[in-house]
Amino acid sequence: SVTALHEGGAHVGFGVVFRDISERKRREEDVAATELRLRTALDAGRMGAWRWDISANRSYWNVQQFRLLGLPFSEAPIEPDAFFSRVHPDDLRPLRTTLERVMSDGVPFDMEFRVVHADGELRWLAGVGQVRLDAAGAPVEMFGINYDITERKRAEEALQYSEQRFTALLTATADIVWTADPEGLVALEMSGWRAFSGMSEEAS
């Protein structure tokens, strides 16, 4: 900083004070580097990051969060209803109930739910996060990440359908059908096998 020096009412010069701000600059650089690494990791994992300022009722999202919800990107704060409006109607009440419990108990959350894009496309998302409480125990903000699990859900549904179809076909056939594990214990048998072997369902 620079200070004017006076003597007897007359200006005689300037006083200059220098302060070492190296430590502050290093801290700022460390914070910037940490934020860059976090953004890189989130982008690589296609994860949406969000923060909900509960007192102001405003949310802040990264670019990927907008993509996950099928919404156009905006740098301005978002109203939480923009998120809830995308949640599938059957999942909205359970999701709100979970968030209310998180805010009242201060516990972390881990949930799966469906969202519906403007074009009608249905996607599955997983969400994990945490709430921050003030000294009085009131919720101040909530933050977390979301990521798309649609392909996993589709694979699970396809497997379940395949197993149900297989069981239905076996039930309908009159052939003798059975399977056994490596120890020779019958793992799956249909009524034809039990009639042929004379074994009860309990014995098999």
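Modeller: We may begin with D53, which is located in strand β3; helices (H or I, at least four residues) and strands (E, at least two) are DSSP runs, numbered from the N terminus. The model is predicted, so that local features need pLDDT of at least 70 and side-chain atom pairs count only at pLDDT 80 or more, while totals for chains, interfaces and linings use all residues. Residues are numbered from 1 along each chain as its sequence is written, and side-chain values use heavy atoms, with hydrogens and water left out.

Biologist: Is D53 buried or exposed, and which side chain of opposite charge is nearest to D53?

Modeller: Buried means under 20% relative accessible area, exposed over 50%, and partly exposed in between (1.4 Å probe, protein chains only). For charge, Lys and Arg count as positive and Asp and Glu as negative, whereas His and the chain ends are not counted. A salt bridge is a side-chain nitrogen of Lys or Arg within 4 Å of a carboxyl oxygen of Asp or Glu. D53 is buried and has no salt bridge; R51, the nearest side chain of opposite charge, is 4.6 Å away.

Biologist: With which side chain does the side chain of D53 make a polar contact?

Modeller: A polar contact is a pair of N or O atoms within 3.5 Å; within protein, one must be able to donate a hydrogen and the other to accept it, and residues adjacent in sequence count only if both atoms are side-chain atoms. The side chain of D53 has such a contact with the side chain of S55 (2.9 Å). Contact in the wider sense means heavy atoms within 4.5 Å; setting aside residues up to four places away in sequence, D53 touches R58, Y60, V140 and E141.

Biologist: Which strands are joined to β3 by bridges?

Modeller: Two strands pair if DSSP finds at least two bridges between them. Strand β3 (residues 48–53) runs antiparallel to β7 (residues 139–148), with six bridges, and antiparallel to β4 (residues 58–61), with four bridges. W52 stands opposite M142 in β7 and has S59 as its bridge partner in β4. The partner of D53 in β4 is R58. Of the six residues of β3, five are buried.

Biologist: What is the order of the strands in the open sheet?

Modeller: The order of the five strands is β4-β3-β7-β6-β5, with antiparallel pairing. β4 and β5 are the edge strands, each pairing on one side only. For angles, axes are lines fitted to C-alpha atoms, for helices over the stretch in contact, and values run from 0 to 180 degrees between N-to-C directions. The twist averages 25 degrees from one strand to the next. Helix α4 (residues 89–105) packs on the sheet and touches β3, β5, β6 and β7; its direction makes about 150 degrees with that of β5.
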